[in-house]
Amino acid sequence: MTKTIELSGVQQRFHARGAVGGYLTAVQDATFTLAPEPPQVVSLVGQSGSGKSTIARNVLGLQKPTSGTVRYGGKDIFKLTRAEYDDYRRNVQPVFQDPYAIFNPFYRVDRVLWKAVKKFGLASSRSEGLALIERSLEAVKLEPERVLGRYPHQLSGGQRQRVMLARIHMLRPAFVIADEPVSMLDAQVRRLFLDILLDFQREYGMTTLFITHDLSTVYYLGGSVMVINRGVIVERGPVDTVMHEPSHPYTRLLLDSIPQPDPDLRWTGRIEVDELSGTAEAGTPKATAPETPII
Ligand SMILES: Nc1ncnc2c1ncn2[C@@H]1O[C@H](COP(=O)(O)OP(=O)(O)OP(=O)(O)O)[C@@H](O)[C@H]1O
Ligand SMILES: [Mg+2]
């Protein structure tokens, strides 16, 4: 049976010169569960610097929390045996914002996929490995002959990101930890990426922790959401409830800051350009909660 990931009272401090006490608290008392059943999307949304990536790194075992625990199947992931940790790393896979950083510019992109085949023993021969790689590329709507043999810089950002999804397709982890995977993609490619992720959830039962600063992406994905502000999870619940009946002032602030793509919506205030600072001050449109996703 697939195991559950549980964060309990996770606190992460970093040394910071000039901060009170000489440290800053990036994450404060983060407590939540990622369950494999039913497969679900749990979004973590918050502004830049709110502690989202730190939580991702805690969950992935890349950063040991100052206090509190991350458990997998009831066991502290920082105290796993080698075999248990390998099982964890197989079942909990990351997707990061900039896949370019994952690829070595001197090697063809194939290498990232072949490494997964070899490391996790996914095929018993070269032809079986190649067939698996081709199937996975097709599953993420990439044509193998257009991708294989290329260097990272010869692919678009969206293609590189989908190669990472192909890797996930090959591994079929129970959990995907996605840290701002679409923030560098344009709207159309972004939607394609999110649809593939939702497909994986339905087809292969993957649960995703989806990190973003963009509420319209959260709205598109559905499932549940946690809102983080300055390291503290201030609100959580089903996306519909949190979006339509936000209970925390910070969530309301985030919702109010979403631009409305409605062409019938008129600006109610005058736009005044401050000539000295060069900044524009604008009246705000009347609508608040997003009725339709922007992407
Ligand atoms: N290794 C580190 N050493 C010191 N401070 C750190 C370290 N990692 C993160 N921080 C600080 O912790 C806070 C939270 O950072 P984090 O990267 O988790 O935010 P974030 O929500 O992912 O932001 P963004 O949306 O910009 O990616 C920030 O103030 C950051 O400067
Ligand atoms: Mg981040």
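A polar contact is a pair of N or O atoms within 3.5 Å. The views below show a predicted model.

**View 1. Polar contacts hold to that cut-off around ligand 1 at glycine 49, serine 50 and threonine 54.** A backbone N or O atom of glycine 49 lies 2.7 Å from an oxygen atom of ligand 1. For serine 50, a polar backbone atom is 3.1 Å from an oxygen atom of the ligand. Threonine 54 uses its side chain: an N or O atom there is 2.5 Å from an oxygen atom of ligand 1. Taken alone, ligand 1 exposes 630 Å², and the protein buries 59% of that.

**View 2. The shell around ligand 1 draws on strand E2 and helix H1.** Both elements give two or more residues to the shell. H1 spans residues 52-59. The largest share, three residues, comes from H1. Phe14, Leu24 and Ala26 are among the residues around the ligand. By class, the shell divides into three nonpolar, seven polar and two charged residues.

**View 3. Tyrosine 72 and tyrosine 88 form an aromatic pair.** The structure holds two aromatic pairs. In this one, the ring centres are 4.7 Å apart and the planes stand at 65°, so the pair is edge-to-face. The cut-off for that label is an angle over 60 degrees. The pair links distant parts of the chain, 16 residues apart. Tyrosine 72 belongs to strand E4 (residues 67-72). Tyrosine 88 belongs to helix H2 (residues 82-91). Tyrosine 72 counts as buried, because its relative accessibility is 5% and the limit is under 20%. Tyrosine 88 is buried too, with a relative accessible area of 0%.

**View 4. Arginines sit over the rings of tyrosine 107 and tryptophan 114.** Arginine 111 lies over the face of tyrosine 107. The distance from the ring centre is 3.8 Å. At tryptophan 114, the charged end of arginine 126 sits over the ring. Here the distance from the centre is 4.5 Å.

**View 5. A cis peptide bond joins glutamate 37 and proline 38.** Omega is about -10°. Proline 38 lies in the loop between strand E2 (23-34) and strand E3 (41-45).

**View 6. Lysine 141 has a positive phi.** The angle is near 65°, in a residue other than glycine. Lysine 141 is placed in the loop between helix H4 (126-139) and helix H5 (144-147). The residue is exposed, because its relative accessible area is 53% and the cut-off is over 50%.

**View 7. Arginine 230 also carries a positive phi without being a glycine.** Its value is about 50°. The residue is found in the loop between strand E9 (224-229) and strand E10 (232-238). Arginine 230 is exposed, with a relative accessible area of 70%.

**View 8. Proline 94 and phenylalanine 175 are brought together from 81 residues apart along the chain.** Their C-alpha atoms are separated by 8.6 Å. Proline 94 is found in strand E6 (residues 92-95). At 16% relative accessibility, proline 94 counts as buried.

**View 9. Glutamine 154 and valine 109 are 45 residues apart in sequence.** In space they are 9.5 Å apart, C-alpha to C-alpha. Glutamine 154 lies in the loop between H5 and helix H6 (157-171). At 39% relative accessibility, glutamine 154 counts as partly exposed.

**View 10. Leucine 192 and arginine 162 are 30 residues apart along the chain.** A distance of 9.3 Å separates their C-alpha atoms. Leucine 192 has its place in helix H7 (residues 187-204). With 27% relative accessibility, leucine 192 counts as partly exposed.

Key. Residues numbered from 1 in each chain as written. Chains lettered and ligands numbered in written order. Predicted model: local features only at pLDDT ≥ 70, side-chain atom pairs only at ≥ 80, totals over all residues. Heavy atoms only, no water. Phe/Tyr/Trp six-rings, centres within 6.5 Å; stacked < 30°, edge-to-face > 60°. Helix = DSSP H or I, 4+ residues; strand = E, 2+ residues; numbered from the N terminus. Buried < 20%, exposed > 50% of the residue type's maximum accessible area, 1.4 Å probe, protein only. Lys NZ or Arg CZ within 6 Å of the ring centre and 35° of its normal. Near = heavy atom within 4 Å. Polar contact = N/O pair within 3.5 Å; in protein donor to acceptor, adjacent residues only side chain to side chain. Areas by Shrake-Rupley, 256 points an atom, 1.4 Å probe, with all protein chains shown as cover. Nonpolar A, V, L, I, M, F, W, Y, C, P; charged D, E, K, R; others polar.
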